[in-house]
Amino acid sequence: MTVKELIEIIDSDEFTGDSIYTDDEFSINSIYYRNGEVILQSNEIDSECELDVSFISHCLNYFDYDDEICFMICDEDNDFWFYDITSHYIDGEGDIRLNLSSRD
């Protein structure tokens, strides 16, 4: 998924919620650029700090629209894993759900 694709999903009429989650219920706690791609990070160490979609959308506008986006999950032991975003859907609450594929 590219920055442009995620912005289009956020701006679509289908999206009526206020959050982005993975299909496994991980939320986004930070967003940054690393090694040529935009990282959406879920951090179990500080899961109280969920970013809302308006802030995520604002941040996305600072990246190149063609940049790829991936998802990173960081656990309480500070171990982390990267995932590709393979697809998305809008759930019953109107929120965006991202489907992930593990990078091996």
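## Cysteines

A disulfide is a pair of cysteine sulfur atoms within 2.5 Å. This predicted model holds 0 disulfides. Cys-49 is in no disulfide; its nearest cysteine sulfur belongs to Cys-59, 11 Å away. Seen from Cys-59, the closest cysteine sulfur is that of Cys-49, and 11 Å is too far for a bond.

The two residues can also be described by their accessibility. Cys-49 is partly exposed, at 38% relative accessibility. Cys-59 is buried, with a relative accessible area of 14%.

## Aromatic pairs

How many aromatic pairs does the structure have? The count comes to 2 aromatic pairs. One of them joins Tyr-33 and Phe-63. This pair is stacked, at 6.3 Å centre to centre and with 20 degrees between the planes. Tyr-33 lies in strand 2 (residues 30-34), while Phe-63 sits in the loop between helix 2 (53-60) and strand 4 (68-74), so the contact ties together parts that are 30 residues apart in sequence. Tyr-33 is partly exposed, at 44% relative accessibility. Phe-63 is buried, at a relative accessible area of 17%.

Phe-80 and Phe-82 also pair. Their ring centres are 5.8 Å apart and their planes stand at 85 degrees, so this pair is edge-to-face. Phe-80 counts as partly exposed, with 46% relative accessibility. Phe-82 counts as buried, with 14%.

Notes:
Residues numbered from 1 in each chain as written. Predicted model: local features only at pLDDT ≥ 70, side-chain atom pairs only at ≥ 80, totals over all residues. Heavy atoms only, no water. Phe/Tyr/Trp six-rings, centres within 6.5 Å; stacked < 30°, edge-to-face > 60°. Helix = DSSP H or I, 4+ residues; strand = E, 2+ residues; numbered from the N terminus. Buried < 20%, exposed > 50% of the residue type's maximum accessible area, 1.4 Å probe, protein only.
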